[in-house]
Amino acid sequence: MQKQDTISRILCPPLREAVGRMINHTVYPLEEIRLRVNRPAMAYAGRKKMFLTSQGRLSDSEDEGIQVTSAMLEKTLELMSNYSLYAYEQELKNGYITLEGGHRVGLCGKVVADGDRIKTIRFISSLNIRIAHEIIGCADEIMPWIRGAQGIYHTLLISPPRCGKTTLLRDLIRQISDGEKMQVGVVDERSEIAGCYRGIPQNTVGLRTDILDGCPKQEGMLMLLRSMGPQVIAVDEIGRIEEIQAITTIVNSGVKLLCTIHGNSLDDFLNKPGMDELAANRVFQRIIVLSGRKGPGTLEQIYDGEKGDYAVLL
Amino acid sequence: MQFYCKMMGLCFLGLTSAMAGLWMSRRMDVRLKEYKELKRALYILASEIRYSASLSDAAEMVGKRIAGGLGRVFTDLSEDMDRKEGKSLDELWSEGVRKRQRELNLDEEDCMMLCSLGKHLAGQDAELLQNQIALLEQYVQDKQERLAEEKRTKGRMYKSLGILGGILIMVVLL
């Protein structure tokens, strides 16, 4: 069963049939499905966001879209969580759940808070189903740049959202684990990299890769360092001040680091609050900037963090 | 020959009456045992839910640990959930209970109460779910106590009535 085929199983019957037909007929891979109560269902495929019809077509006309009812959303939630939404209590607090196959579902509704602490989301009214994509080999072009005489360089990927940084990071992890035969530890705070379901990675992340799923990055990096003896530690979307301390500890312990961060350019990284310490210490030996200019994962620049004022390598 | 036939018929009637009394008494024992098993099943289900197992896994666990029709209701539920055919949990649960109703030693009122559990199982709050299960456990506990009391008073009566009734029939017809 292909990854995107698994998605139709977690939808309620009218949507299931439409998505099933769409997957069979659309040339472009399905990227996203958006369901909002009392509004037509939308699908995102081939960089186009359109309304999903009951025949499984993508239409520009909202009148043709399947009208999503509250009951349809409830049933979809039941199926998604395998009738166990209570088991996703912790994830619901973060506003998303991860499904079998590594797909991510963002949720909106009535937030129940206790002071400034989110307890859960009730009366869920919107779902954003992001279909997990795995592109084996997408890091082929980058691998030679991050591999040096002394092994893998400390590497940072800078990219705006939806430009393929997690997909690229996943393939880098796979190649380092399988190709370089190094022990890789992954702190997958939002279950995006390995897409773990019940602790088992749903994406190909390599034979020598250990995953700490759903763990906060700063604690996870130190846990991996203490317990799993990794040669490389990979984390997605760094940015919090408290993560900097953990990164410094990792780098000083001789373990190589693979990170991603949101941004459009090297300057975005250098000007981010808290990143100045990492920049001043020249922690990252390779900095790779991605964009969506020619589609997700367009390689813009590669900088050498060790030389002068960040020499451009590519 | 006629005498022997008459005696055999009388013995048959007497035995049937005694058996009926014993069966009535035994049925109460079986029902009591079923309540005990149901309470155990609910306890296991609540424990599994407490440790965040999915409902499918929790039901599978109950099915493995509870014997008979009741265990099979939970096993069926677990399998139906994993099939993801698009039915709601309430539908799956009610259908499962009704399908196995003949294998359960429960009365109609108990089955209806058991069916109602399906409406609450799909909740998103684990605490609320456990409270619902606890409520059902309490109901089963009350029924169990009532039946135990009934058995104390009526169990012996059924047995005695059956045997004595059988003897009476034999004496009257002799």
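Trainee: In chain B, what share of the contacts between residues at least 6 apart in sequence join residues at least 24 apart?

Mentor: The share is 67%, with contact meaning heavy atoms within 4.5 Å. This is a predicted model, in which local features need pLDDT of at least 70, side-chain atom pairs count only at pLDDT 80 or more, and totals for chains, interfaces and linings use all residues. Residues are numbered from 1 along each chain as its sequence is written, chains are lettered from A and ligands numbered from 1 in the order in which they are written, and side-chain values use heavy atoms, leaving out hydrogens and water.

Trainee: How does the radius of gyration of chain B compare with that of a compact globule of 174 residues?

Mentor: Chain B has 22 Å, whereas such a globule would have a radius near 16 Å (C-alpha atoms; rule: 2.2 Å times the number of residues to the power 0.38). Its C-alpha atoms fill a box of roughly 70 × 30 × 25 Å along the principal axes.

Trainee: Why does B:Leu13 count as partly exposed?

Mentor: Its relative accessibility is 36%, and partly exposed lies between buried, under 20%, and exposed, over 50% (1.4 Å probe, protein chains only); therefore B:Leu13 is partly exposed. Of the 174 residues in chain B, 41% are buried.

Trainee: Which helix of chain B gives the most to the nonpolar patch?

Mentor: Helix 6 does, with 4 residues. The patch consists of B:Phe12, B:Leu13, B:Leu168, B:Ile169, B:Val172 and B:Leu173, and has about 580 Å² of accessible area together. B:Leu13 is in helix 1. Helix 1 (2-50) and helix 6 (126-173) each supply at least two patch residues.

Key
Patches are made of residues with over 30% relative accessible area and no salt bridge: like charges are joined within 9 Å, nonpolar side chains (Val, Leu, Ile, Met, Phe, Trp, Tyr) within 5 Å. Accessible areas come from the Shrake-Rupley method with a 1.4 Å probe; for residues, only the protein chains shown count as cover. A salt bridge is a side-chain nitrogen of Lys or Arg within 4 Å of a carboxyl oxygen of Asp or Glu.
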